[in-house]
Amino acid sequence: MSFGKNLHINPDRLWDSLMEMAKIGPGIAGGNNRQTLTDEDAEGRALFQSWCEDAGMTMGVDTMGNMFATRAGEDPDALPVYMGSHLDTQPTGGKYDGVLGVLGGLEAIRTLNDMGIKTKHPIVLTNWTNEEGTRFAPAMLASGVFAGKHTQDWAYDKVDANGLRFGDELKRIGWVGDEEVGARKMHAMFELHIEQGPILEAEGKDIGVVTHGQGLNWLEVTITGKESHTGSTPMPMRVNAGRGLALITELVHEIAMKHQPNAVGAIGHVDVYPNSRNIIPGKVVCTVDFRSHLPDVIKAMIDEFDTRAPQLCADIGVEMSWEMVGTFDPPAFDEKLVAAVRNAAQTMGYSHMDIVSGAGHDACWINDVAPTAMIMCPCVDGLSHNEAEDISKEWAQAGTDVLMHAVLETAEIVE
């Protein structure tokens, strides 16, 4: 049985599902606020479960709240092919980040049902808990526990800004399952996601074939000067930690620009002490974020920073130290599954290009325990984590078509 380019999902049904989910936890400017383990998250989960059961799937939930909806395969001994993403959002998030990957997977299942297509391998659709990490840090928390990166006890003890525990909130909303986290075995895992960047739209491509994810290193930098009065301290006598911050900010940008197009770097978080209008800063603590999908590039950036930053600060009379506070090795996705994504795009006639994911995703953790690949579709102006996040119905269809065909190639159609 071969459907080739004639097998498409129903774009109107997919779009209607996206818009229906977006009614739960509406934002204030057209997007969504459906943060993890809130009442809105629970409502979204319940709607998703009802849709899955209507599509003939059975739902399983593990003790981290990860949801697994299974469409049976013809071979009871064959490991399942997984697909999915997340339903939780940023506080001022869009309607598609994560959600497209979950509901696109649902639409693929609905289409297979419509066409009476059977597969050798079962197909499992997943909603991973707390991908965003906006309420309970870090991001990709539950997939991290699944992949053995964190312990469940550690995750349960994470608290939000109000001191509420992850484990308590998961129980409160009624989504503590009975499955052991990570016990499930996978034949493969696919994740469809919006790009969250401007490359695909700028290049006029329908599909991003994700070959790698970016690795990152976070360096917490402390710059120490001397607090003194901004009005009465002569300029030559100032020991200004804020000036050190300015020099390091430019250095980070310069280093990242040297390694284009394979690297990015910036200073994100900054604390200035004492942060008063009329006091020259005596201390600055900031985080340098270097990212690349090439480990050698990340190492080169850190080495240059370590060589040059202390001297820049010493030249103006301030002290500087740094420590590594976060690392994430760059994942290389499974070559066979990446080829399946590329083949699906070619079969469907969608324009495509290889791309590196600039953001972290659940697939990046799952890649350590099972063959994994990602598919990306464009988003308008590359905007994401913003209520103005937008995609077209055509982009959503293209991404979901490719997801469905890549999953079918991997799960094996039974004639």
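Tutor: Let's start with Thr211, which sits in strand 7 (residues 207-213). Strands here are DSSP runs of E with at least two residues, while helices are runs of H or I with at least four, and both are numbered from the N terminus. Before we go on, keep in mind that this is a predicted model, where local features need pLDDT of at least 70, side-chain atom pairs count only at pLDDT 80 or more, and totals for chains, interfaces and linings use all residues. Residues are numbered from 1 along each chain as its sequence is written, and side-chain values use heavy atoms, with hydrogens and water left out.

So is Thr211 buried or exposed? Its relative accessibility is 16%, so Thr211 counts as buried. The cut-offs are under 20% relative accessible area for buried, over 50% for exposed, and partly exposed in between, using a 1.4 Å probe and protein chains only. If you skip its neighbours within four places in sequence, Thr211 is in contact with Pro331, Ala332, Phe333, Val338, Arg342, Asp354, Ile355 and Val356. Contact means heavy atoms within 4.5 Å. Now look at Pro236: 25 residues separate it from Thr211 in sequence, and 52 Å separate them in space, C-alpha to C-alpha.

Here's another threonine for you. Thr111 belongs to helix 3, and with a relative accessible area of 4% Thr111 is buried. Again leaving out neighbours within four places in sequence, Thr111 touches Leu7, His8, Ile9, Asn10, Arg13 and Met404.

Thr111 also turns up where two helices meet: Arg13, Leu14, Ser17, Leu18 and Met21 of helix 1 face Val99, Leu100, Leu103, Gly104, Glu107, Arg110, Thr111 and Asp114 of helix 3. By class, the residues of that contact between helix 1 and helix 3 are 6 nonpolar, 3 polar and 4 charged. Ala, Val, Leu, Ile, Met, Phe, Trp, Tyr, Cys and Pro count as nonpolar, Asp, Glu, Lys and Arg as charged, and the others, Gly among them, as polar. Helix 1 packs against helix 3 at an angle of about 140°, and their axes are 10 Å apart. That angle makes helix 1 oblique to helix 3. Axes are lines fitted to C-alpha atoms, for helices over the stretch in contact, and angles run from 0 to 180 degrees between N-to-C directions. Under 35 degrees counts as roughly parallel, over 145 as roughly antiparallel, 65 to 115 as roughly perpendicular, and the rest as oblique.

On its other contact, helix 3 (residues 99-115) meets helix 2 (residues 39-54) at about 15°, with axes 10 Å apart. The two are therefore roughly parallel. Phe48, Trp51 and Cys52 of helix 2 make this contact with Val102, Leu103, Leu106 and Arg110 of helix 3. Between helix 2 and helix 3, the contact residues split into 6 nonpolar, no polar and 1 charged.

Back to helix 1, which also packs with helix 12 at about 110°, their axes 10 Å apart. That makes helix 1 roughly perpendicular to helix 12. The residues in contact are Pro11, Asp12, Leu14 and Trp15 from helix 1 and Lys393, Ala396, Gln397 and Thr400 from helix 12.

Two of those names pair up: Asp12 and Lys393 form a salt bridge, with the closest N and O atoms 2.8 Å apart. A salt bridge is a side-chain nitrogen of Lys or Arg within 4 Å of a carboxyl oxygen of Asp or Glu. This one links distant parts of the chain, since Asp12 is in helix 1 (residues 11-22) and Lys393 in helix 12 (residues 393-411), 381 residues apart. Asp12 is partly exposed at 42% relative accessible area, and Lys393 is partly exposed at 29%.

Glu304 lies in helix 9 (residues 295-315) and Lys258 in helix 8 (residues 241-258), so the pair ties together parts 46 residues apart in sequence. Here Glu304 is buried at 16% relative accessible area, whereas Lys258 is partly exposed at 49%. There are 19 salt bridges in the structure, and a network of them links Asp39, Arg135, Asp160, Glu169 and Arg172.
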